[in-house]
Amino acid sequence: MYAERQGDDTEDGGYIVSTLFNGQAETSEIVVLRANDIAAGPIARVPVGIALPHGCHGCFAPTDEANWTYEEIERRARLADKMEARGSMWNEVKSDFSSLGLRFDDIEEILGL
């Protein structure tokens, strides 16, 4: 992803931040490259300590939006696991209801038919 460099208004004056996966060691690191000189290689490498899967994405957000505590992250992870475990249940459709929220069984009575 691209991170703008403070005070630099040029199109490629920022940084490219990416993950690098080492399949042999099964570890990953975050690498930072100058957007205008990628061929020079990383200007910073940060070992993550675990293997991040290919396709792991991220985004930049203001501090107040990304200031979650460890407990909040754990709570959200448990909720996501619970929702994934019940995935088919969330999209279940009851076929005996109309779009008005009325049961088809009751429509004749309601409409006086």
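The structure is a predicted model, in which local features require pLDDT of at least 70, side-chain atom pairs count only at pLDDT 80 or more, and totals for chains, interfaces and linings use all residues. Residues are numbered from 1 along each chain as its sequence is written, and side-chain values use heavy atoms, with hydrogens and water left out.

The protein chain contains three helices and four strands, arranged along the sequence in the pattern β-β-β-β-α-α-α. These elements are DSSP runs numbered from the N terminus (helices, H or I, at least four residues; strands, E, at least two). The mean pLDDT, the predictor's confidence in each residue from 0 to 100, is 77 for the protein chain, and 65% of its residues reach 70 or more. Among the elements, strand 4 has the highest mean pLDDT (94) and helix 3 (residues 104-111) the lowest (60). Of the 113 residues, 12% are buried, where buried denotes under 20% relative accessible area, exposed over 50%, and partly exposed in between (1.4 Å probe, protein chains only). The accessible surface, from the Shrake-Rupley method with a 1.4 Å probe and, for residues, with only the protein chains shown as cover, comes to about 9,700 Å² for the protein chain, and carbon and sulfur atoms account for 53% of this area.

Glu29 belongs to strand 3 (residues 27-34) and counts as buried at 17% relative accessibility. Arg45, by contrast, is partly exposed, with a relative accessible area of 47%. Their side chains also meet in a salt bridge (2.6 Å, N to O), defined as a side-chain nitrogen of Lys or Arg within 4 Å of a carboxyl oxygen of Asp or Glu. Glu29 lies in strand 3 and Arg45 in strand 4, so the pair ties together parts that are 16 residues apart in sequence. Contacts of Glu29 (heavy atoms within 4.5 Å), not counting residues up to four places away in sequence, include Ser18, Thr19, Leu20 and Val46.

Ile30 is also found in strand 3 and is partly exposed at 31% relative accessibility. Its C-alpha atom is separated by 6.2 Å from that of Leu20, ten residues apart along the chain. Together with Val46, Val48 and Ile50, Ile30 forms a nonpolar surface patch with about 290 Å² of accessible area. Patches comprise residues with over 30% relative accessible area and no salt bridge, like charges being joined within 9 Å and nonpolar side chains (Val, Leu, Ile, Met, Phe, Trp, Tyr) within 5 Å. Ile50 lies in the loop between strand 4 (44-47) and helix 1 (70-85).

In helix 1, Glu72 is paired with Arg75, three residues apart and about one turn of the helix, in a salt bridge of 2.9 Å between the closest N and O atoms. Arg76 forms a salt bridge with Glu72 at 2.7 Å.

Two loop residues complete the description. Asp8, between strand 1 (2-3) and strand 2 (15-22), is buried at 17%, and its side chain makes a polar contact of 2.6 Å with that of Thr10. Glu26, between strand 2 and strand 3, is exposed at 56% and has a positive phi near 55°.

Key:
A polar contact is a pair of N or O atoms within 3.5 Å; within protein, one must be able to donate a hydrogen and the other to accept it, and residues adjacent in sequence count only if both atoms are side-chain atoms.
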